[in-house]
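Please load the model in the viewer and keep the selection panel at hand.

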Amino acid sequence: MTRSLRFAAGHFMAVSVVLIGAFVLCDAMREVQILIMPDVATRLHAVFLPFGAMVLLTWIYGWLAVPLMLPSTVVGLMILVGVEAITWNMILLFALKVVAVPLGFDLMRRLGMDARGEGRAANWRVLVGVGLVAALIGNVPRVLAGPCCTGFSPEARINAFVTVTAADVAGVILVLLAA
């Protein structure tokens, strides 16, 4: 194996471990959420850690994070819903969510809010802002066409949109606190 291929494989493995670990931890947190709040819709997470990991990994890798994260996102989706429940619609929606993160970075940069300037440390406020923008972009198709909200009334879809967006931002904040 050539040196550059080993280098790329190492980055792929590191991203996969972080992202799959976030999915496993999110699944464990989901079980605790059901114990504490059994009346909350079981299809929605209160905190979605994988999204926070996606924001952090995209901050590190930029657009290169997209091909690095897509395979482990599909594996993480299998962890959350089970292999037999996965549909192409779910995979497409999660792929859009992965792409929304670097898009959020680009939008914030174009608005003059760069997460990292020359020679400076990361600005956590901008990272949370990027997470919010990316969550807003990524959750619109999820709530409109995703299996999480099938049969929901328009009011319930709005509530689901607010809930999943808040869960994504909470995931970003928790990952940033842990990092």
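In which helix does alanine 178 lie? Select alanine 178: the residue lies in helix α6. Helices here are DSSP runs of H or I with at least four residues, strands are runs of E with at least two, and both are numbered from the N terminus.

This is a predicted model, in which local features need pLDDT of at least 70 and side-chain atom pairs count only at pLDDT 80 or more, while totals for chains, interfaces and linings use all residues. Residues are numbered from 1 along each chain as its sequence is written, and side-chain values use heavy atoms, leaving out hydrogens and water.

Stay with alanine 178, which counts as exposed at 68% relative accessibility. Exposed means over 50% relative accessible area, buried under 20%, and partly exposed in between, with a 1.4 Å probe and protein chains only.

Next, display the whole chain as a cartoon. Six helices and zero strands make up the secondary structure. The C-alpha trace spans about 50 × 40 × 30 Å along its principal axes. The radius of gyration is 16 Å, which agrees with the value near 16 Å for a compact globule of 179 residues; the radius is taken over C-alpha atoms, and the globule rule is 2.2 Å times the number of residues to the power 0.38. Of the 179 residues, 39% count as buried.

Centre the view on methionine 69. Leaving aside residues up to four places away in sequence, methionine 69 touches Val15, Leu19, Met54, Leu57, Thr58 and Val98, a contact being heavy atoms within 4.5 Å.

Finally, select asparagine 139 in helix α5. Is asparagine 139 buried or exposed? With a relative accessible area of 0%, asparagine 139 is buried. Its contacts, again without residues up to four places away in sequence, are Lys97, Phe161, Val164, Thr165 and Asp168.
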